[in-house]
Amino acid sequence: MTDPAWLVNADPEQVVAALDGAAGPEEAAAAAVYRTSGHLHRESGAPVRRQLLALDAARHGDRELARSLAAVAVGHQDADDPWAVQWATGTDVDSRLRHALPAPAEVGVVATVVVADRGLAVAGCKDGTLHWWDPATGRKLGTVATGDTDAVRALATAVLDGRPVAVTGHAEGAVRVWDLAEGEPVATYRGADDSWVNELATVPVEGRPVVVSAGTDGVLRVWDLAAPTGSDELLTIPTGFAGALATAVADGRPVAVTGHNDGVVRRWDLTTGRELGVGSDADADAVDAAGVTSTDDDDDHGGRGCATLELNARTHVLATDPVSESPLAVSANAYDSWVWDLATGEQVGGPGPGFVEAAAVRVLRGRPTALVAGGGGPVQVWDLSTHRHLRLPLIGHAGTVRAVATAVVKGRHLAVTGGDDRSVRVWDLDGERVGAGRPTGHAGPVHRVTTAVVDGRPVVVTGGADRLVRIWDLDGGQLGEPLAGHTGAVHLVTTGTVDGRPALLTRASSEAVRIWDLASREPLHGRTTSAYTSSSIDFFATVEGRFVAVTWEGRVWDLTAGAWIGVQPRKRGAMALEELDGRPVVLTGRGTDTAHLWDLATGEPLGPPLTGHTGRVQAGAVGTRDGRPVVAAGGDDGTVRVWEATTGEQTGGYTFPAGIRGLAVAPDGRLVVAFGSDLAVLAHR
């Protein structure tokens, strides 16, 4: 694993199989680098793997390994990539990531199941398909269409006669069971025709695996998985509408836990259908102070309950560990999350973080642990006994995490997460973080990036969701403190020249543009910004030393003269305005798969269309390299392509593990690329 040539050229299946044998920090670091884009290595040739591995090594902060990987010869070829990564940030990398498993649509629910020390990670997607993988190798094992074109809304797993099965919930009260070993349907149970199944859970009852379904008709139904031909429920329990469902074994008896619109959490005995007690997602004293009656339940478990009148306080997340001897439940509403002792019905923790989309509970190293996800942030790992972080957050998803699950496979504690980025990720919860790439400093995603020259030194300027603008040395770190003052996410960053001084334009949503002197880092006072706030303006640029505004259609407004200049190009989607050989040119093509370069003065094309992208182009830039004009563009297909501006000949490209959202050509010809939530600088060899 310390041989860069082996990492680049070896069969990815062989490399993945060897990663668990990493010994020592050097091999562990190489294994983490390989796993970062491991899902892409399987489908890529050696030249693309070389690019991805070098990039990921830079993201993990190992520049020496990045250089060694970039220098590897591919087959009988030399290391002939025209571009090499110089440095990159590591916002989206985490050494504990084992696999990223791409799915064809957004992942709404995930589950795990372990049979004979072999685990499966199962995902239900919003296109109605079901997929499962081996979390140890990342290899996909099967997929089925569940019969609905709508999303798989509910998912649970169980072991039936020594075989793993998945249970899916559907419209018209249907519950379907799937054999994951064969990829075949096993049974279909029918509830009320006018009820949609929105929650599922499994649990052993008297030694038999059963599935519990909750539908929009407000009834829990219990089905015997061991008797798949039976048509009658073992039990029906009228509960009222349940927006969340989980199961556990408390004091030796199987229980179902339900969450409701009024914020109440209830427990039900699955052998008798009897309600055991009531917990609530609100503090009893606070509710009483608000004038809402709180009542005690006199049953043998002494649970307490109260109602809440908050409109948006519906309990929508419940998580339990059915095999724990001290069963705990985590519940969440729109504002807070709470921890409950299922044996007593008492609240034992909370309130915790709000905006929770999904949670899972598992005993990790003897401690009850919750994985809590949602709100677009990383997955939090909480010690439920101390109510503190047990591990650093799990970083890597490029979108909101919608589902989490856990499993123990061959003694390793694994977490499985899925979300809006259409991937399922498998994490090693026993792993320790060994470091990541240089951070951007931003407390959120980086939205905009551009370049400039300040006192003869090339710099990159970034703006992000944390409302700050940061300036970086291309060969070093951040220069000084960030520029503050914006009240929203920074979505426009442009550099130019004002009165012979390097200047910076920045803007957040619904704000006027701010103008800064890049050398002194002070605002340029006395200049009006009211003309810069038009909603039709897509970006700013400079022509002959003057700031101009450019619209989506490619029209150019001279802010000094207060007039339109030049000729609008015949293609829309303007991405850049630059001067080449003394004349201003406009680059268009955003939202399409082809870029075009136009002469601003005449509106005529300069050279042929620039082709090669297989997805929508999202960012482009124009510059010079070795004195020759070049065009660069990147987009949804995760590639940056570079062409000679006048001939349209493609002269190189680079593959990234995420879509390209920002691109610039530095004055010395280097490329600055924004992909996912990270930045990378590519230098021409």
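Trainee: Which residues in α6 are buried?

Mentor: The model is a predicted one. A residue counts as buried when its relative accessible area is under 20%. In α6 that description applies to L65, A66, L69 and A70.

Trainee: Around the axis of α6, what arc do these residues cover?

Mentor: The buried residues of α6 are L65, A66, L69 and A70. They lie on the same side of the helix because the arc they cover around the axis is only 135°. On the other side of α6, the exposed residues are E64 and R67. The arc asked for is therefore 135°.

Trainee: Against which elements do the buried residues of α6 pack?

Mentor: The buried set consists of L65, A66, L69 and A70. Their packing partners comprise helices and a strand, namely α1, α3, α5 and β1 (83-88).

Trainee: How are α5 and α6 oriented relative to each other, parallel or antiparallel?

Mentor: The axes of α5 and helix α6 (residues 63-70) are 7 Å apart, and the packing angle is about 170°. Angles over 145 degrees count as roughly antiparallel. The relation of α5 to α6 is therefore roughly antiparallel.

Trainee: How many residues of the contact of α5 with α6 are charged?

Mentor: From α5 the contact draws on R50, L53, A54, A57 and A58, which meet L65, A66, L69 and A70 in α6. Eight of the contact residues are nonpolar and none is polar. Arg counts as charged, and the number of charged residues in this contact is one.

Trainee: At what angle do the axes of α2 and α3 cross?

Mentor: Helix α2 spans residues 12-19 and helix α3 spans residues 24-36, and their axes come within 10 Å. The two helices are therefore oblique to each other, and their crossing is left-handed. The crossing angle is roughly 135°.

Trainee: Which residues of α3 make the contact with α2?

Mentor: On the α2 side, the contact is made by P12, V15, V16 and L19. The contact residues of both helices divide into six nonpolar, no polar and one charged. On the α3 side, the residues are A31, Y34 and R35.

Trainee: Where do the buried residues of α2 fall around its axis?

Mentor: In α2 the buried residues are P12, V15, V16 and L19. Seen down the axis, they fall within an arc of 100°, so they line one face of the helix.

Trainee: Which exposed residues does the face of α2 turned away from its buried side carry?

Mentor: The buried residues of α2 pack against α1 (4-9), α3, α4 (38-41), α5 (46-59) and β2 (97-102). The face turned away from that buried side carries exposed residues, namely Q14 and A17.

Trainee: What is the handedness of the crossing of α3 and α5, left-handed or right-handed?

Mentor: The axes of α3 and α5 are 9 Å apart and the packing angle is about 120°, which makes α3 oblique to α5. The contact is made by V33, Y34 and T36 of α3 and R49, L53, D56, A57 and R59 of α5. By class, these are four nonpolar, one polar and three charged residues. The crossing is right-handed.

Trainee: Turning to the loops, what is phi of D161?

Mentor: D161 is in the loop between β7 (154-160) and β8 (163-169). Its relative accessible area is 73%, and D161 is exposed. Most residues other than glycine have a negative phi. D161 is not a glycine, yet its phi is positive, at about 55°.

Trainee: How does D626 count by accessibility, buried or exposed?

Mentor: D626 is found in the loop between β46 (617-625) and β47 (628-635). Phi of D626 is positive, near 55°, in a residue other than glycine. At 69% relative accessibility, D626 counts as exposed.

Trainee: What distance separates the C-alpha atoms of D421 and V107?

Mentor: D421 lies in the loop between β30 (412-419) and β31 (423-428), and D421 is partly exposed, with a relative accessible area of 22%. Leaving aside neighbours within four places in sequence, D421 is in contact with H397, A398 and G399. D421 and V107 are 314 residues apart along the chain, and their C-alpha atoms are separated by 8.0 Å.

Note on methods
Residues are numbered from 1 along each chain as its sequence is written. This is a predicted model: local features need pLDDT of at least 70, side-chain atom pairs count only at pLDDT 80 or more; totals for chains, interfaces and linings use all residues. Side-chain values use heavy atoms; hydrogens and water are left out. Axes are lines fitted to C-alpha atoms, for helices over the stretch in contact, and angles run from 0 to 180 degrees between N-to-C directions. Helices (H or I, at least four residues) and strands (E, at least two) are DSSP runs, numbered from the N terminus. Angles under 35 degrees count as roughly parallel, over 145 as roughly antiparallel, 65 to 115 as roughly perpendicular and the rest as oblique. A crossing is left-handed if the near helix is turned anticlockwise from the far one by less than a right angle, and right-handed if clockwise. Contact means heavy atoms within 4.5 Å. Buried means under 20% relative accessible area, exposed over 50%, partly exposed in between (1.4 Å probe, protein chains only). The arc is that of the directions from the helix axis to the C-beta atoms.
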